[in-house]
Amino acid sequence: MKRTYREALREAIDEAMQKDERVFLMGEDVGAYGGTYAVSKGLLAKYGPERIRDTPLSELGFTGIGIGAALGGLRPIVEIMTVNFSLLALDQIVNSAAVLHHMSGGQFNVPLVIRMTTGGGRQLAAQHSNALEGWYAHIPGLKILTPGTVEDARYMLAQALEDPNPVLLFEHAMLLNSEQDCPETAEGFDAWHARIRKPGTRLSLIAYGGMLPRTLEAAETLKGDGLDVEVLDLRCLRPLDDAAIIASVRKTHRALIVDEGWKSGSLSAEICARIVEQAFYDLDAPVQRLCRREVPMPYAKHLEDAAIPQAADIVAKAKEMLR
Amino acid sequence: MDKAWRGFLLKTMLRIRRMEELCAELYTQEKIRGFLHLYIGEEAVASGVMAHVRRQDSVIATYREHGHALLKGIPASAIMAEMFGRLDGCSRGRGGSMHLFSREHRFFGGNAIVGGGIPQAVGLALAAKQLGEDRLTFCFFGEGAVAEGVFHESANLAALWRLPVVFCCENNRYAMGTALERSESQTSMAAKARAYAIDALEVDGMDGLDCYDKSGHAVESVRSGAGPFFLEFNTYRFRPHSMFDPELYRGKAEVDAWKKHCPIATLKARLLTEGALTEAQVAQYAADIEQEMQSAVAFAQASPWEPAADLERFVYAGRDSGGSA
């Protein structure tokens, strides 16, 4: 059945709350307002204010409370309105959630899910358009999921909640209204590995999250031009699915990484390094990257478009690599 | 409070003091490394509060937490082995002095980010309330943590949601080397708590009996369902902030003046004067404690190191690492 990415996210939360009394949602405007992006609309009426818990603007506080609640036996879903505001909660995420298991010699673990909206594309300028999921992927102890399809939006949450570790789920703002077919059951679903979204032979396009649909669009265009390229959706940025990346590159001998994050010191750099470390002799051309241009995000539409990789940029770069 | 309890209170303070003194010695001998923050001078606070803490209650403390961990029931041997960095340490040598943990004893650290434990304590209290468990959470932090925004965010939510948490502010007057008067416009920590509609009491943190009594009051209030309670313990650390602190920010005269209020010396004198305790009993305490601590040191010394091959264990739960909540 077709549904939107937003509806899929809501169904996932609804299902998790129904299945497990310990699950609750906490964050800014998740209840009475219905969710900043209307993801949790209607859930307050269904589950009440103790399980759909509105918080004040206290990201560091309620993220830490989520950690404590997880330690105390609940299964919190903390919603941080956007990745930009997650920086206010960074201390609890990095200095506590990620390390408590290790620091306690394996005694404690933090089964916490933190959901947040990420990405640019809506003319919200420099403080509301970051794509920092690659940053978080730097941290041992965290797991990072980036749903780029409706199916992933629908089923990743359940596996994140089952995981005994802190899991960060990055929901892309530009995907919320996208509509796709979605399987009715989670049978065989695996949140933690990359997936080939379009098989191909000439070049591996490696993308995730908000960059996935436009990468697929680019692949279709290239196909029309007789260039058969592969699209690999990373889905999980930590742990990174090395095997899938390397297998794809070994097949196509060329790789183009499309990442909405900045290039310097980034996830795209990490992927590039791993390809070079593990598959250098399989390459027929240097690995290439298309990333966010290295500026704070501007407001004006034409400048914003120029800052984020577009389908046309991907097509052009791919053709250049296949020349 | 009956005679036996007052004697017990003194004994718990003596246990903390002796353990801390030994730690200082062992640090000088380079058996213990890293940061080491000693609680000497502040023992009355942990002793007074922890006397009310039950097995099922949860505790989160700071990086100056050896005493709290000991009184929550973690054996001195496991604490000492942790400071030695050994496998039998209460965090398998992965935490050290600042990160003592015990799942069995519901001791959630040992958090060395100032204020870091405060929202987690509120979260533990939220879980207890939501799960209908008879459990209080005790959260220790210094007055320095009250300057952090996270204290204010957490205090507000604890009060708004009427959560069963006892905030224990150990006001030792210095955030490392910065005096309270030099850093805060409002120097009453209790007043700040009251601003969030939290009941608060000022406590003489050098007086074990006052610490015991007022903690008891706080516990009763929280247990009645009235929401959080805030205790401001006015206390003083006799030692430098850590072993690296040359103490440029305070004079010897000030430290000496506070030492006259040593919580152990004053309680001991009082109990002896009142006939609640005899010199022989105090000597027996000291002998028992010496044995406990020396065997802890011997245990730590004999404990093996975790093999370096196991370095990458315990990064993620669920594989080979045991515990899941």
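**Entry 1: the core.** I began with the largest nonpolar core, which has 193 residues. A nonpolar core here is a set of buried Ala, Val, Leu, Ile, Met, Phe, Trp, Tyr and Cys residues joined through C-beta atoms within 7 Å. For burial, I used these cut-offs: a residue is buried if 20 or more other C-beta atoms lie within 10 Å of its own, exposed if 12 or fewer, and partly exposed in between, with C-beta atoms placed from the backbone. The residues with the most contacts inside this core are B:Cys139, B:Val166 and B:Cys168. The core also draws at least three residues from each of domain 1 (2-181) and domain 2 (195-322) of chain A. In soluble globular proteins, nonpolar side chains tend to be buried together.

A note on what I am reading: this is a predicted model, in which local features need pLDDT of at least 70, side-chain atom pairs count only at pLDDT 80 or more, and totals for chains, interfaces and linings use all residues. Residues are numbered from 1 along each chain as its sequence is written, while chains are lettered from A and ligands numbered from 1 in the order in which they are written.

Next I looked up what B:Val166 touches, with contact meaning C-beta atoms, placed from the backbone, within 7 Å. Leaving out residues up to four places away in sequence, its contacts include B:Leu136, B:Phe138, B:Cys139, B:Phe229 and B:Leu231.

**Entry 2: the two domains of chain A.** The assignment, automatic or from a database, gives domain 1 (2-181) and domain 2 (195-322). Their centres, taken over C-alpha atoms, are 26 Å apart. Their contact takes 24 residues from domain 1 of chain A and 23 residues from domain 2 of chain A. On the domain 1 side, helix H7 (133-136), strand S6 (143-145) and strand S7 (167-172) of chain A each supply at least two residues. Helices (H or I, at least four residues) and strands (E, at least two) are DSSP runs, numbered from the N terminus. S6(A) gives the most to that side, with three residues.

**Entry 3: a covered strand.** I then turned to strand S5 (residues 113-118) of chain A, where six of its six residues are buried. A:Val113, A:Arg115 and A:Thr117 point one way, and A:Ile114, A:Met116 and A:Thr118 the other way. S5(A) pairs in the parallel sense with strand S4 (residues 75-82) of chain A over five bridges, and pairing needs at least two bridges found by DSSP. In this pair, A:Ile80 stands opposite A:Met116. S5(A) also runs parallel to S7(A), joined by six bridges, and there A:Thr117 has A:Glu171 as its bridge partner.

**Entry 4: a helix in chain B.** Is helix H5 (residues 117-130) of chain B enclosed or open? 14 of the 14 residues of H5(B) are buried, so this helix is largely enclosed by the rest of the structure. H5(B) reaches 20 Å from its first C-alpha to its last, close to the 20 Å expected, where the expected span is 1.5 Å times one less than the number of residues. B:Gly132, with a positive phi near 65°, follows H5(B).

Entry 5: Most residues other than glycine have a negative phi, and most peptide bonds are trans. I noted the peptide bond from A:Arg238 to A:Pro239 as cis, with omega near -5°. The bond from B:Gly109 to B:Gly110 is cis too, with omega near 25°, and B:Gly110 sits in strand S2 (residues 107-110) of chain B. B:Arg162 has a positive phi of about 50° and is partly exposed, with 14 other C-beta atoms within 10 Å.

Conventions. Two residues are in contact if their C-beta atoms, placed from the backbone, lie within 7 Å.
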